[in-house]
Structures are given as C-alpha cells and as structure tokens.
Amino acid sequence: MALWIIGGILLLLILLLLLRVGVHLRFGEQLELTVIVGPARIQLLPRPEKTETEQKTKQKKKAKGEAQEEKKPAKQREKLSLSFEDVRSALPYLWEGLKRALARTRRRMRIDPLRLSVVFAGEDPAAVAQTYGWASSAMWTLMPQLERLTRMPDPRIHTEIDFDAEQTKVSGQVGLSLQIRDLFTIGWAFAGPMVKWFMAMRRRRKAAEKSEAAAKAAAEKEAQQVSGQGAGYTT
C-alpha cells in the first residue's frame, strides 16, 4: 500500500511538471492579460465586473485594513532605484541567461502569436533615429536566435519612425506557453547571470560613491585652505 501511495504521488508530480502553462498578452489601446493553465483560461485584465456583494465585502476589508495600518507605525523601506545605465548594463546578463534557459528547454517553449508594432516618435529627431537604429539592430540580432531556440510559427514585427508624433506607440499581442518544469529550468539559468550583474552594479556604485566622497573632501580641503590664506591679510 505504501508503494502504491508513493507511486501515485510521483505520477501526480510528473503530470504536474509536464502540464503546459502560459500567458496571452494584448496591448495597445487596451491591455488584456489571460493566463492559460492546461485547458483552462483565466482572464486577469481587464478584470471582470464584480457583483454588489463582492464590492461591499471588498470595501469592508479595505476599511479594516486601513484601520489596522493606522495603528501600526509606518516603516520606511529602502527602494532599489535603477538608472538607465543600470538597466542597460543588465541586458548582456539577461541575454546570457535567456540563451541558457532556452537551450535547456529544448524548444519546448512556444511563442505564438507574436505581433508587434512600434512607431518611434519624440521631440528630438536625432534621438528618435538613434533609438530606432538601436531597436532594429537588437531585433535583427535577437530574432534569429529566438527562432532557433523556441517554436515560433509566424512572428511579425514592424518598426517605423513618425517625426510628426510626440509619443512612441507600441501595440500587438504575444502568446507564450511552456511546461511547468521549464519554469524551474529558466529560473536556475537566470540566477547565475543576474547575481553577476547585481554584484557588478554594487561594485560600480561603491566606486562611484568613493570617488564622489573623495572629490567632496578635496573640495572642502581646498575651500579651507583658501579661507585660511584669506584670514592672513588685513586691511
């Protein structure tokens, strides 16, 4: 009986790891997000309208939570602020982790559909053209690798420049599905590169803080010397 129970648990775990999950995202004028678990589809965005009873229950819970928060002292949490340079420096590490993850999933990841349209715009034409060139270069570099490492039946990506528009417009839809075991594989593949990026970022920030402190100390010392020399003169 114990062996049958253990065998049944192992069979359930194997079936769970082989279950396909995914998301379908549509963005543009309206954001739509659907989670797919096996044959089930759960719509997260836009959220379905709640009944009056659910709304009243939610309002009561919110009021109770606000009352409890007023009693507790407010705690200040330090937020991890990332600059554009930090995000840009993370791209090579993200790409390294992505290649490792996709190579280990052995084309079990499916990207379908992939419809993306980006119209670059802005007040500075030179900056817009530079961004467009960078995005085009990244697209032609990444897409052949993604098509080789994943199942991508019919990808369609369109980019253009509109110098008359003020804001960049992005629209399209993306569907991504994989097996649950692939989530553990991807997480393990990303762990190493992201730890390397975080440590490099910390070292870069510490070096910048030290140089800034040294420059500040030198400026203060110079100011003290100037003031000391000025104190020796009398009129």
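**View 1. The largest pocket and its lining.** The largest pocket is lined by 28 residues, and A138, M139, L142, M143 and L146 lie nearest its centre. Elements that give two or more residues to this lining are α3 (84-105), β4 (110-120), α4 (125-149), β5 (155-161), β6 (169-179) and α5 (180-231). Helix α4 gives the largest share, ten residues. By class, the lining has 24 nonpolar, four polar and no charged residues. The pocket holds about 870 Å³ of space. A pocket is an open set of points on a 1 Å grid over the protein atoms alone, where a 1.4 Å probe fits, with protein on both sides within 12 Å along at least five of seven lines; lining residues have an atom within 4 Å of a point.

The model is predicted: local features need pLDDT of at least 70, side-chain atom pairs count only at pLDDT 80 or more, and totals for chains, interfaces and linings use all residues. Residues are numbered from 1 along each chain as its sequence is written, and side-chain values use heavy atoms, with hydrogens and water left out.

**View 2. The chain and its elements.** The protein has five helices and six strands. Helices (H or I, at least four residues) and strands (E, at least two) are DSSP runs, numbered from the N terminus. Their order from the N terminus is α-β-β-β-α-α-β-α-β-β-α. Of the 235 residues, 19% count as buried. Buried means under 20% relative accessible area, exposed over 50%, and partly exposed in between (1.4 Å probe, protein chains only).

**View 3. The salt bridge of R108 and D182.** The closest N and O atoms of R108 and D182 are 2.7 Å apart. R108 sits in the loop between α3 and β4, and D182 in helix α5, 74 residues apart. Both residues are buried. A salt bridge is a side-chain nitrogen of Lys or Arg within 4 Å of a carboxyl oxygen of Asp or Glu. The count by this rule is six.

View 4. D112 and R110 meet at 3.2 Å, N to O. D112 is partly exposed, at 32% relative accessible area. R110 is also partly exposed, at 30%. R115 and D154 form another salt bridge, at 3.7 Å. R115 lies in strand β4, and D154 in the loop between α4 and β5, 39 residues apart. R115 has a relative accessible area of 26%, and D154 has 33%. Shared partners join R115, D154 and R156 into one network.

Methods
Points joined across faces, edges and corners; volume = space filled by probe spheres on them. Nonpolar A, V, L, I, M, F, W, Y, C, P; charged D, E, K, R; others polar.
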